[in-house]
Amino acid sequence: MHELGITQNIVAIVSERAGSRRVTRVTIVIGKLSAVCPQSIRFCFDVVSRGTLLEGAALEIEEIDGTGECRTCGTHITLEHLYGHCPCGSHDLIRLTGEELLVKEMVTA
Amino acid sequence: MCTTCGCSGTGGPTVTNLNTAKPAGDHVHQHHESGSHGHKHEHQAGTTVSIEQAILTKNDRLAERNRGWFLGKHILALNLVSSPGAGKTTLLERTIQDLKATVPLSVIEGDQETLFDAERIRKAGCPVVQINTGAGCHLEADMVAKGVEKLQPVSHSVVLIENVGNLVCPALFDLGEHAKIVILSVTEGEDKPLKYPHMFQHAGLMILNKIDLLPHLTFDVAKCLTFARMVNPQLPVLQVSATTGEGLQDWYGWVRAGMEHYK
């Protein structure tokens with residue numbers, strides 16, 4: 001359940017930037033290969049934000065698809081998992097997207 | 001995906017019915033039509049502030065601080081990760097017994113509760129601090145910084161960090177180590193690398209432990225290594241038994257080679 005700690009980080013980052021302003025919306029970016037479950041973040045956010053400037057804020061989660069490039073033949077492919085294989089048969093892939101874990105922006109009142 | 005709240009049927013747990021052999025794709029929201037779903041949003045005017053900051057920035061910065069500190073003291077720090085019961089502590093005990101005469105070692109033990117593992121390490125003859133994470137399922141960089149402050153490892157030594165037994169969460173948290181070492185025992189399934197790919201992907205070394213038990217098991221070593229290299233094609237693998245000592249010279253050779261980097 002590392003999502004609890006991750007959500008604490010989200011709330012800390014936004015609180016620091018908010019100063020004394022109330023936050024009405026937070027947008028985060030989670031790659032689909034990042035091992036972080038958006039549903040768990042959403043659950044934790046309600047609990048962790050309680051009593052902070054983020055209490056009651058809407059949480060937007062943008063999910064990024066996994067993509068990779070084959071080191072052998074250079075083909076770009078979509079990745080459903082952290083591993084995959086290229087049509088050429090190689091498993092040796094460079095992951096290009098899907099591992100993002102970012103606080104993107106906030107809306108303050 | 002709902003563009004207002006970002007809720008989505010993907011990225012969360014999925015349920016697959018093997019009788020129909022089709023991913024059910026069930027998810028808790030009912031999207032009746034585009035842009036409409038089971039809850040309302042209040043659209044408020046406000047000031048949008050761009051942040052664009054990695055969520056794990058704080059941990060990553062503290063990990064870099066640890067890494068710099070280790071480098072300055074010529075210390076090889078290794079982060080040992082596995083599921084519970086794979087034999088991390090037994091491997092450490094044996095490593096301490098075999099190397100302590102020639103390599104200065106110290107240990108940071110991570111467990112949710114108890115001092116049991118730290119007591120085992122102390123009996124093996126090595127300085128040790130125990131970090132109890134309580135509800136936490138993994139060690140983080142600040143815990144290691146505090147552990148190191150208590151441990152005061154000597155220069156030109158090896159610090160072995162035994163993470164909480166968990167093949168998921170510790171993968172995400174850099175502690176400032178030279179490498180993560182994933183330990184898999186042959187009493188587990190050979191498909192663990194595919195079930196927990198993040199850990200195997202982040203590892204710099206895999207140790208396959210308890211190989212003395214192979215004659216009694218149906219564990220397929222070749223299949224396990226194929227799975228591990230599907231996730232991490234460059235992953236070196238050592239096959240050992242921490243109980244009988246088989247293969248441990250290769251592990252000690254790997255540690256000594258690592259120490260050369262920090263001379």
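## Around Val182(B)

Leaving aside residues up to four places away in sequence, Val182(B) touches Val81(B), Ser82(B), Met199(B), Phe200(B), Ala203(B) and Met206(B), where contact requires C-beta atoms, placed from the backbone, to lie within 7 Å. This is a predicted model, in which local features need pLDDT of at least 70 and side-chain atom pairs count only at pLDDT 80 or more, while totals for chains, interfaces and linings use all residues. Residues are numbered from 1 along each chain as its sequence is written, with chains lettered from A and ligands numbered from 1 in the order in which they are written.

## The nonpolar core

Val182(B) is also among the residues with the most contacts inside the largest nonpolar core, together with Val14(A), Leu160(B) and Ile161(B), and this core has 88 residues. Such a core is a set of buried Ala, Val, Leu, Ile, Met, Phe, Trp, Tyr and Cys residues joined through C-beta atoms within 7 Å, and buried means that 20 or more other C-beta atoms lie within 10 Å of a residue's own. Helix 1 (residues 3-18) of chain A supplies the largest share of this core, six residues; helices (H or I, at least four residues) and strands (E, at least two) are DSSP runs, numbered from the N terminus.

## Where the chains meet

Between the two chains, 33 residues of chain A are in contact with 34 residues of chain B. On the side of chain A that touches chain B, strand 6 of chain A gives the most, with eight residues.

Strand 6 of chain A pairs with strand 5 (residues 47-54) of chain B in the antiparallel sense over six bridges, pairing being counted if DSSP finds at least two bridges between two strands. Within strand 5 of chain B, Gln53(B) is the bridge partner of Val103(A).

Definitions and conventions
Buried ≥ 20, exposed ≤ 12 C-beta atoms within 10 Å, placed from the backbone.
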